[in-house]
Structures are given as structure tokens and as C-alpha cells.
Amino acid sequence: MIQQILFIVIAGGALLFAARQFLQIKKKISLGQPEEIKGDTGERIKNVLLIALGQKKMFKQWVPALMHFAIYAAFLITQIELLEIFFDGVTGAHRAFAPALGGFYTFVISTIEVLTFFAFFATIIFLVRRTLVKPARFTQTEMQGWPARDGILILLGELVLIAGIVCMNGADVLLQKLDPAHYPDTGTLAVSSWLGPLLFGGLSQQSLVVVERFGWWLHILTVLAFLNYLPISKHLHIVLAFFNVYYSRLKPRGEMENMPEIMNEVKSMMGLIEASEADMGAELPEFGAKDVTGLSWKTLLEAYSCTECGRCTEQCPANLTGKKLSPRKIMMDIRDRTDEVAAGLAVSEAVAPADFDDGKSLFDYIASEELHACTTCQACVEACPVMINPMEPILALRRYEILTESKGPADWIPMFTSVENNGAVWAVADPRDGWTRED
């Protein structure tokens, strides 16, 4: 009974605290501008199944993809065993599902154990890669400090989870033979049936009970800790990636958002429409985005869905040629700035998000040099395994800098002047559409 009460108090408290943190993430994402996401629901569900659940885009590199999938699949299917752990914890039962499910229970737990076995080796390889091999995409400037520690901490946490399963199941298969009345028969488990005797074969019944309970509590406490760690970790993507993929834009890749004000201005310049007096006297709107509150909520969702894997930066031609741009850093900066704005708003709740002013903006995080280096080639968009589009915020910031603040690289000014005066990027005197009138 004491163990049941302890479990209910700990699990209940951890779930409530985690729910509060996830609600805060939702509140941060809602700081962005409204954007209606339209499109074929069937295609969106297909994307979720193939890209978020099936990890289709990861399989461009087979070896790391298979290792990542082993960890991911083990994580998913372990949730079935987690349901039993919660049921047992609340009711005081032990492996309550085993008698009812019979052979199916043996199949499910054995599958979990086999996937866990592969996940263990994949985790070790990923740890070695991050701490010893250190690929270039894991050592860039934005990955120093907390992002690097975050990746290592989560891998160590996975090893603790695996240790909990090994102790719990390994001792259990031995206790089933010593005390069948309290330890239901699980059938022959794929890994524990040989690993349990190998590790704990010489222990007394009392010691086996301690090992089994230690593994049970270690596993569930690590799961609850992981649940509360997610909102401050890049591993939040294991939750948000599904939403991000579902709401990803279905329009052709490379198609930029139109700006009606600019379009009408250009049409007026070209004589395609007559500018009304109201339009002539209207105050110029603010173009693009200066801060996270000027970006779409979808962009903020993408920032919190970023896996920090660096595949976008690895494929970015600007980054490859030594320029400062890193699409991954852009998304991490947006997430960090959103956290900062949300914290500021929490202190002064009376201020509307759009009116929040702490003297800073996204331009304090992202340099103009980074924005100007983007060629809008879409390589980062193609590379992202969870359908993040770093080009959208880059364009929004560029539009604010150039159209609202009339700033920009000196090399670009002649081009802007030519477009304004001649309707073409080249300073030629002949009308751009003159060829259509030639005999």
C-alpha cells in the first residue's frame, strides 16, 4: 500500500508538472501571428505516417537512419509496457496484463526487449560519435554549451532506461520460478530469459526482489523525469514533429508568400492598375518581421520542433562555402528569443505580445550577414527530416530590413533602384517588355 501511495503521488505530481510545461510551450507558439493552414487533409495524414512516424527522410543515410529507428521504435513500443507499469503502480498488481494476454504478452515484451537490445548498441555508437568522433555538424558554434550537453544527457538517460528494463525483466524471469503465485508466467522472453540468469543467476530470492523493484522504479522514474525534461530539450521534437509535419505547407517548394501591398505597388508602377487616392495617402505598412511576434505561429512551432541534427546546415551551400549562415542556428535563435519574449511577458502580463518591447529583437540574435548569405535554394528545407522551413523566417527578416528599414547590402542597392525605375534588375533604358512590341 505504501508503494502504491508513493507511486500515485510521484506519478501524479510529475504528470501535472509536465502538463503545465507543455501548456507553456503551446502559449509560446501562440505568440506568433495567426496563419490559416489549408490543404488536403489526406495528404497531411500521409505525410505524418511517412515522414513523422515512418521517418522517411532519415533514410537518405541508411546506417544512422537504422540506428536512429531502433531507438525510436523501442521508445514507441515501450509505451505499451509503460501502460502496464502505471496500472500495476496504481493497483498494486504485478504484471497484471500477462495472464490476460497470454502468448501475445510474451510477443510484445519480447519485441520490446529485442528493440531495446539494438537500441543499446545504437545509443553507445551515438555517444561515441558525439563525444569522440565529433562530426563537423555537431561541433559548430551554435552547438557549443547546452545543446551539446543536451544531446549527451538524453543518450545517457536512454542507457538508464535500458538498465531499468534489464534489471526489471531479468530478475522477474528468475522470480517466476521461485514464487509463481506472485510473479505470473510471462513465457520465454527473447532477451531476459538468457540475460537474466546470466546477470542475476546466483542471487537469493530476496535479492532478486530488490533488483526487480529497483529496475521497476528506475525505469518509471526515468520516464517521468524524461517527460519533464522534454520541454527544455531539443528532444521536444519527438512530440512536436507530428504536429509540425501535419501543418507543413503543401504548396510547391520554393514558392514565396506574396505581399499584396508590394504586388499592387508594382502593378501600379507598370500601369496595370490605377492607384486610388486612398492608396496614395495610406501609411506604408510594416513589411516582414522584426521579432518573433511578427512571425507566423507555424514558424515558432518549427523552432520548437527543431531536432538540432544539423542536416540543414550540412547541406546549405552558403555554409559550405564558409559564409556565416547556418539554418539550424536561425531556428535555434528563434526558439531562444521566443523563450525570452515569453519570460518578459510573464513578468508584465498586461502588455500584449505585439506591444512587448525589451529593447531587443531577432536582429540581436541573427546578424544581417547571415540573412544576406541565404540563396533561397531550399537545400535546408529538403534536408530537414521533420519538414522545417528555415527560409520562411529568413525572408521575413530580410523583408523587414530592406522594405521597412530601407537597409541592405550596398551591392544590392543598384538592383533595387533598377527594379524601381526600370522594372528590371538591369539598368537598361529600354522597356522590359519592349520586345513584345517589335515588328
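The structure is a predicted model, in which local features need pLDDT of at least 70, side-chain atom pairs count only at pLDDT 80 or more, and totals for chains, interfaces and linings use all residues. Residues are numbered from 1 along each chain as its sequence is written, and side-chain values use heavy atoms, without hydrogens and water.

I begin with confidence. The chain has an average pLDDT (the predictor's confidence in each residue, from 0 to 100) of 86, and 96% of the residues reach at least 70. Helices here are DSSP runs of H or I with at least four residues, numbered from the N terminus. Confidence is lowest in helix 11, residues 277-281, with a mean of 57, and highest in helix 12, residues 297-305, at 94.

I turn now to the second largest pocket. A pocket is an open set of points on a 1 Å grid where a 1.4 Å probe fits, with protein on both sides within 12 Å along at least five of seven lines; lining residues have an atom within 4 Å of a point. The second largest pocket holds about 1200 Å³ of space, the volume being that filled by probe spheres set on the points. Its lining has 50 residues, and I71, F75, E158, H235 and I238 are the closest to the centre. Helix 3 contributes the most to this lining, eleven residues.

Finally, the helix pairs. Helix 6 and helix 8 pack at about 150 degrees, their axes 7 Å apart; axes are lines fitted to C-alpha atoms over the stretch in contact, and angles run from 0 to 180 degrees between N-to-C directions. Helix 6 is therefore roughly antiparallel to helix 8, a term for angles over 145 degrees. Helix 3 and helix 8 have axes that come within 11 Å and cross at roughly 115 degrees. Helix 3 is therefore roughly perpendicular to helix 8, the class for 65 to 115 degrees.

Key
Helix = DSSP H or I, 4+ residues; strand = E, 2+ residues; numbered from the N terminus. Parallel < 35°, antiparallel > 145°, perpendicular 65-115°, else oblique.
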